[in-house]
Every structure is written in C-alpha cells, then in structure tokens.
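The sequence and structure come next.

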Amino acid sequence: MNPQTHADTQMPLRVDRAYDVAEGLRSFELVLPDGGELPAFTPGAHIKVQTPNGALRKYSLCNAPDERGRYVITVKREENSRGGSASMHADLKVGDTLPTSVPDNAFPLVDNARAYLFIAGGIGITPMLSMIRSFGDLAPVPWKLIYLSRFAENTAFLDELGSPDFKKNVKIHHSEGNPDQEFDLWPALEKPNTAHVYCCGPRGLMEAVRDMSGHWSPKNIHFESFDEGGKTLPDDKPFTVRLARSEKSFEVPVGVSILNAMREHGCKAASSCESGTCGTCRTTLLQGEADHRDMVLMPEEMDSQIMICVSRAKSAELVLDV
Ligand code: FES
C-alpha cells in the first residue's frame with residue numbers, strides 16, 4: 001500500500017472508463033484491479049477518494065446498487081475549489097489507480113416511506129440517481145423528482161431523466177441564470193404529507209427547502225451536502241476549543257473543522273457525512289457561542305448543541321462536553 005495513501009482510502013480501484021456527461025461534469029467508472037465484486041452499497045451512499053493531487057473528496061455513487069462490479073461517480077469541476085475536482089478532471093485517466101474508501105451512507109432511503117419527493121440542484125442529482133435506479137421498473141411507492149439547474153448544457157443525465165419512461169415522475173427546470181426564472185418549490189412543500197423529502201444541491205437550494213419545510217415533520221426531510229468540512233468564509237478566524245471531560249484545549253485554525261482538530265489532538269469523534277447534514281457528530285456545547293453551519297439543528301437546540309464537522313465559533317472559545 002502506498003504509505004502516503006490517506007487512512008480513509010485504503011481500497012485501490014482502477015479507473016475503467018472516464019467520460020464527460022455534461023459541460024464540466026465527468027463520470028468515472030471504478031473497478032477492483034482483479035475485476036472482482038466490490039463491497040455492497042445502498043442507495044444514497046458515497047465513497048471518499050484521494051484525488052491525484054492528494055485531496056480527500058467525497059462523491060455519491062450514482063449507479064444502481066445491485067451492480068456489484070463497478071462504482072460510478074460523477075465529478076463537477078469546481079472553479080473555486082482547492083483543486084481536488086480540477087485534479088480529478090485533468091489528471092485521472094483510464095487505467096490509473098484511485099485510492100478509495102468503502103461506501104458509507106449518510107443519506108439513506110427510508111424504506112417505509114409512503115412516497116418520495118427528490119429535489120436535486122445540479123450535481124446534487126447523483127445520490128438521487130442511485131435511489132431512482134434502485135427502483136428498477138417497479139418503484140415501491142410513488143416518487144417525484146424536481147431537478148433544477150441553470151443551463152441544459154451543464155445538466156447531467158438529461159437523456160435518461162428526460163426520457164418518456166420518467167416523464168410522469170420528473171420535472172426538469174433550467175433557470176438560464178435568471179433569478180426571475182427560479183423554480184417555485186412552494187407548491188410542492190406547502191402541504192405537509194407522509195412523503196419523505198430528499199434534497200441535495202447548492203447551499204442556497206437546501207436552505208430554501210429547509211425554510212419552506214419548517215412545518216413538516218423533521219424526520220421526513222433529508223439533506224446531503226458535499227461541502228467537505230464546511231466552506232471557509234472570508235471572515236473565519238481561529239478559535240479555541242476546550243474539551244471539558246478530556247481536559248484538553250487546542251486552537252482550531254481557519255480551514256480546519258473542529259472535528260478534524262479534535263482528531264489531530266488524539267480525540268475520537270464519530271462522523272459520517274462531514275458536511276453538516278446527517279447529525280452523527282452532534283456534540284453538547286457547554287459554553288461559548290457557536291457559528292452554526294449545519295442543516296440539522298432546530299433553533300431551540302442551537303444554544304446547547306453543535307455539529308462539529310462544519311460549525312465554528314463566534315466567541316473566542318467553545319467548551320464542549322467531550
Ligand atoms: S458528520 Fe454528519 S452532521 Fe457532522
């Protein structure tokens with residue numbers, strides 16, 4: 001094993017195919033070097049990969065979970081990224097080895113739902129695709145997909161999702177970059193019901209869905225985000241975290257999450273999505289004012305809880321019950 005391989009990505013996969021699926025969007029098909037069966041995954045699962053330039057990135061598996069010979073991921077080339085996605089586009093070729101994790105799922109399909117409403121923005125379509133593909137020809141319950149993007153040319157999987165097979169279930173909308181042509185989600189969310197809503201896409205879309213679904217049962221609303229460890233904002237500052245029970249104190253620099261700072265200081269902490277949507281890293285906040293950046297906490301929980309994978313501090317110090 002390459003000693004520089006990240007601890008999370010110890011399964012080397014070979015790139016079997018690579019192809020563009022829309023402007024700035026490239027799919028990679030990954031297989032085991034011996035062509036064997038890959039570890040199973042469930043709809044909505046993701047893998048982590050170590051990109052050719054050494055960054056750790058998380059991508060949804062978008063093929064059907066009953067395909068055991070390959071994983072398919074689709075990567076959007078982010079213009080303002082730290083280079084992970086650009087490196088996947090520019091440097092990863094057919095035949096290359098990609099260090100990969102086993103699949104994890106922070107966005108699982110609830111299997112006793114009466115209906116599903118999928119809301120995807122841009123590349124946020126990828127986890128929904130494995131969900132829809134898992135239904136095969138006979139979906140267990142009614143479902144509907146609202147697929148939003150700016151322009152047709154940078155919208156992936158239009159041929160499949162726009163096909164007659166999906167016509168009655170799928171609404172595709174392009175805003176053409178015009179705020180006046182944004183899709184109105186309110187009619188779909190106005191009346192709470194027993195459907196489970198799955199939303200993945202840009203932060204603004206997820207916040208809009210969260211704001212419009214405040215009168216739904218929180219158990220029925222699910223988000224997935226790919227902002228690894230949260231985005232660095234221009235006003236971010238370092239701050240101190242004190243762990244009350246472990247009696248440790250350390251600085252959390254700009255660009256590092258509390259979760260990763262804790263791990264660097266030898267503390268174990270559970271996580272899954274690492275993007276503020278699954279709730280796994282929920283931690284009790286004893287003192288200090290948090291800068292909440294997750295999609296999980298209810299307003300009444302914000303004084304006493306924090307999602308340490310994305311949130312930061314407004315005060316100089318946070319004291320956690322760890
Ligand atoms: S690990 Fe999912 S919310 Fe933090």
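Glutamate 247 sits in the loop between β12 (239-243) and β13. The model is a predicted one: local features need pLDDT of at least 70, side-chain atom pairs count only at pLDDT 80 or more, and totals for chains, interfaces and linings use all residues. Residue numbers start from 1 along each chain as its sequence is written. Helices (H or I, at least four residues) and strands (E, at least two) are DSSP runs, numbered from the N terminus.

- The phi angle of glutamate 247 is near 55 degrees, a positive value in a residue other than glycine.
- Glutamate 247 has 7 other C-beta atoms within 10 Å and is exposed.
- A residue is called buried if 20 or more other C-beta atoms lie within 10 Å of its own, exposed if 12 or fewer, and partly exposed in between, with C-beta atoms placed from the backbone.
- For glutamate 274, phi is likewise near 55 degrees, again positive in a residue other than glycine.
- The loop that holds glutamate 274 runs between α6 (258-264) and β14.
- Is glutamate 274 buried or exposed? Glutamate 274 counts as buried, with 27 C-beta neighbours inside 10 Å.

**The mixed sheet**
- An open sheet is formed by 5 strands in the order β13-β12-β18-β14-β16, and its pairing is mixed.
- β13 (248-252) and β16 (305-307) are at the edges with a single partner strand each, so one side of each has no neighbour in the sheet.
- Two strands are taken to pair if DSSP finds at least two bridges between them.
- Neighbouring strands of this sheet are turned by 40 degrees against each other on average, direction ignored.
- Axes are lines fitted to C-alpha atoms, for helices over the stretch in contact, and angles run from 0 to 180 degrees between N-to-C directions.
- Strands β14 (residues 282-287) and β18 (residues 317-320) are antiparallel and share 2 bridges.
- Across this pairing, glutamine 287 has valine 319 of β18 as its bridge partner, and leucine 285 stands opposite leucine 320 in β18.
- β14 also pairs with β16 in the antiparallel sense, over 3 bridges.
- Methionine 307 in β16 is the residue opposite arginine 282.

**The parallel sheet and its helices**
- Another open sheet of 5 strands has the order β9-β8-β7-β10-β11 and parallel pairing.
- Its edges are β9 (170-174) and β11, each with a single partner strand, so one side of each is left without a neighbour in the sheet.
- From one strand to the next, the twist averages 15 degrees.
- The parallel pairing of β7 and β8 extends over 6 bridges, and isoleucine 119 stands opposite isoleucine 146 in β8.
- Helix α2 (residues 125-135) packs on the sheet and touches β7, β8, β10 and β11, with its direction at about 145 degrees to that of β7.
- α5 packs on the sheet as well, touching β7, β8, β10 and β11, and its direction makes about 155 degrees with that of β10.
- Residues are in contact if their C-beta atoms, placed from the backbone, lie within 7 Å.

**Helix α5**
- Leu205, Met206 and Val209 are buried in helix α5 (residues 203-212).
- Viewed down the axis of α5, its buried residues fall within an arc of 95 degrees, so they line one face of the helix.
- That arc is taken from the directions between the helix axis and the C-beta atoms.
- Gly204 and Asp211, on the other side of α5, are exposed.
- The buried residues of α5 pack against β7 (116-121), β8 (143-149), β10 (196-200) and β11 (221-224).

**Nonpolar core**
- The largest nonpolar core has 70 residues, of which Ile73, Phe118, Ala120, Met128 and Cys199 touch the most other members.
- Such a core is a set of buried Ala, Val, Leu, Ile, Met, Phe, Trp, Tyr and Cys residues joined through C-beta atoms within 7 Å.
- Not counting residues up to four places away in sequence, phenylalanine 118 touches Met128, Met131, Trp143, Leu145 and Tyr198.

**Leucine 13**
- Leucine 13 belongs to strand β1 (residues 11-22) and counts as buried, with 22 C-beta neighbours inside 10 Å.
- Its contacts, leaving aside neighbours within four places in sequence, are Leu30, Val31, Leu32, Leu98 and Thr100.
- The C-alpha atoms of leucine 13 and glutamate 182 are 39 Å apart, and the two residues are 169 residues apart along the chain.

**Domains**
- The chain is divided into domain 1 (11-100), domain 2 (116-224) and domain 3 (239-320), with bounds from an automatic or database domain assignment.
- Taken over C-alpha atoms, the centres of domain 2 and domain 3 are separated by 30 Å.

Key
Contact = placed C-beta atoms within 7 Å.
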